[in-house]
Amino acid sequence: MREGLTETAARLANAIPFFGPGRPIPRHRDLSIEEDDTPFRAVVRLFLRSWPYLRPQVLGNWWIPGEGIEPQSAELLGGRGYSFRYMPPLVNLLALIPLFFGLLPTTGDSTLYAFYALVAIIVGSVWVLASTSGKTQGFALLLLLFALVSGNLAALVFFEDASLSIYLGTLTAACVSGWFVQFRLGPKGLALRCRVGTHLIYYYGATLILNMVYVLLGLLLAEVINQSLLQNEALMPGLAALLGYAEFSSETITTLTQAQRMELRWAPVQIEFAFFLLLWPLELGLLYYVLWIFQQVNQDLRLALVGRWHQLSLQHHADHRVGDSIWRIQSDSEAVTDVLKIIGELGLIVINVASAVLMISILSPVVGLIAAFAVLPTLVLARWAMPRVRVRSLVHRMANADLTSRVQESFRSIKLNKSYGIGAKSQALFEDDSSIACNAEYHQTRLDLRVSLVSDTYSQLFIFFGLGLMALWAHQGQATFANELVALLGLSFTVWNLSAFQWGRERHELTITLMNEALYMWSYAQQVAMGLKRVFDILDLEPAVKERDDAIAFTEVRQGIQFRGVRFGYEPDNYILKGIDLQVAPGGIVAIVGPSGAGKSTLVSLLLRLFDPSHGSISIDGRDLKDYSISSLRENIAIALQENLLFGTTVRENIVYAAPDAQDHAVAGALEIACLNETVNQLPDGLDTKLGDRGARLSTGQKQRLCIARAVVRDTPILILDEPTSALDAETEHQVLDNLRTWAHVAERPQRTIFLITHRLSTIRRADSIVYLDSGTVAEHGEHDTLMQIENGRYRSFVIAESDNLQQGHEDV
């Protein structure tokens, strides 16, 4: 035993080494760079395709008084007669009234005029937005958003006067109101609707406010620490009033004394603590909120994915491993939750890099140019690394899907493994798949580390050169580049000193660091795109069986079921059914018999529209099967499959699985027809007894009868039984068939038709008519006695052969 464990440990250690590439991934399960078919544009398209699943959380729903909340997502702007044309006049009034009454300053420096220019853009954009459509309206919306964000930031950063922040905040609220509240003038008067449930807008709006507060906090701390505590400068008037040190204002004094500086030393701590008390609950709330939002997004994508799987043909499911489907649903679909995160983070990084480069260029264009040049090696590295990241990520996902399939298949075959004593083989197969999955992840992580090592190396070089120049200038006391622009920022860095060096160092390091973060985020975007690719590969598959737009509901069989020249094959030009012509009258039991591979199960699968015929047609009551809706066909055709598929729930839940509204008397009737009532009564909890995994507590015959009961309880006009009595003893089989015959001819539903696929003579003889299939065609059709009269008939030969087999079996016993 110990030797076996030692060998296993040595094998695994070789497969997953502490250092080095490890065991190569098999070529048939690996990909090369040449096989990467998802370039930059494809990645962007994959991200854009996530919009339908993000849309409900962005646009929300309309709430209409008296009607409630509409289930469908709201429009982006207006629609259905509703509009926001009240918004432009409202914004106009709010923009002009404070200026008309002299509530705001109208003269000042260029910064104030730039601020009012943004206000003019806001006013103009809302008029264009309300009166146009299409691309023009989209451009006006983007321009409005830019002006609102820029104006609010400018009011917060560049002006001490709080009235300008209140002014622009009021304009912002007026603009937002047109998106949230809209009106329509109709025959019944003025109608109102309000937008609700725009959770991502709520979240990012709160996040934007939070970031603005952090910007304000940084400016306050920089002013207090760098200018007042370190350089003895008096506080700006607004800041002095806010902190409660009015006597420290620059309007009162020029510099701070040593005693005043000592008194002011606790101000930064007080500011930090006050902001902590204010922002900490908000940050926790936003963290919980965004997790809830993205779980909703992920849920919508998973439901769409599973819904599409239900629409795909059985041939698709036969060609794909179950574990691959599980991995796509469970893990690949989670990629959609990162789409907005990546877009938001990259957008913020671009804005922060641009603003940081601009601000540091005001102090020194040389340092700004050094920071900007760092983007060149970043682009070169990204061009080399991103295809490799995509390939490694896709291989990693495929390897984990294979591992999931291996786990699923190992547990499904646990009884076989134990019976044959091949547990070691199953374990070895699992170890191989697990090693491949681990190595696939290792290769992906190693690539990420290589990229990080290269980017960190050249980033530190750029930081070193920039800091060296700034330190030299601070030592020499050189003047900064644009003193007037520095003053507009609310700073007093007219020369390079310690404060200017610290401020410049922070922005220079921030710029280079953000470029590294952008590279990391774009690398992560490639991995997310591969998850989305595997999801959309399934969503892009068209169901083989499609429903017509004008399909009608199927309810019962009145005239009969007809197959005309039906040909079908699972592979092109390899037909299983080669021209089926068959007329089945309503009511009674129809036995479908024939040699293995004749197409018996395939024939009834076409009746359920699990597949459509390649040629020919199937009709019910003279109407083509394709004229009926798929859902109504499957609701009114019940089937007991050849495989006794049961769930690890209770007996009752297994029986009503496809008929959840079935009453207790219907369940009891189905159990009686299937001769299972006595067996259920003997179970510990009766109908509420748990059956265990795949009905492990029942024998094969009991499982078979439970499947019959599940089909019967649906009370459908057509019942299909595929080898329903193969595991039953003769007495039980006769009783079940007699019960089914009685059930098929009850007065309440006289047109029930039962298709019976079987090889057992005792079952076949009890059918009302017999269809004998051979080589994909209907060789003979009629009653048992009639078919037995045909000299050298195929059915007769089949019966004689089966009878000889039974007789030989009795003699052997």
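Helices (H or I, at least four residues) and strands (E, at least two) are DSSP runs, numbered from the N terminus. With that in hand, a tour of some local features can begin. The model is a predicted one, in which local features need pLDDT of at least 70 and side-chain atom pairs count only at pLDDT 80 or more, while totals for chains, interfaces and linings use all residues. Residues are numbered from 1 along each chain as its sequence is written, and side-chain values use heavy atoms, with hydrogens and water left out.

Most residues other than glycine have a negative phi. Arg 609, however, has a positive phi, near 60°, and is found in the loop that runs between helix H21 (600-607) and strand S8 (615-620). Its relative accessibility is 1%, so Arg 609 counts as buried (under 20% relative accessible area, with exposed over 50% and partly exposed in between, for a 1.4 Å probe and protein chains only). Arg 80 also has a positive phi, near 55°. This residue belongs to the loop between strand S2 (68-69) and helix H4 (87-100), and because its relative accessibility is 42%, Arg 80 counts as partly exposed.

Attention now turns to the aromatic side chains. The structure contains 18 aromatic pairs, where rings of Phe, Tyr and Trp (its six-membered ring) pair if their centres lie within 6.5 Å; planes under 30 degrees apart count as stacked, over 60 as edge-to-face and the rest as tilted. One of these pairs joins Trp 179 and Phe 180: the ring centres are 5.1 Å apart and the planes stand at 90°, so the pair is edge-to-face. Both Trp 179 and Phe 180 are buried. A tilted pair is formed by Phe 568 and Phe 611, because their planes are at 45°, with ring centres 5.3 Å apart. Phe 568 lies in strand S5 (residues 561-568) and Phe 611 in the loop between H21 and S8, so this pair ties together parts that are 43 residues apart in sequence. Phe 568 counts as buried because its relative accessibility is 5%, and Phe 611 likewise counts as buried, at 9%.

The charged end of Arg 193 sits over the ring of Trp 62, at 3.8 Å from its centre.

Note on methods: A charge sits over a ring if NZ of Lys or CZ of Arg is within 6 Å of the ring centre and within 35 degrees of the ring normal.
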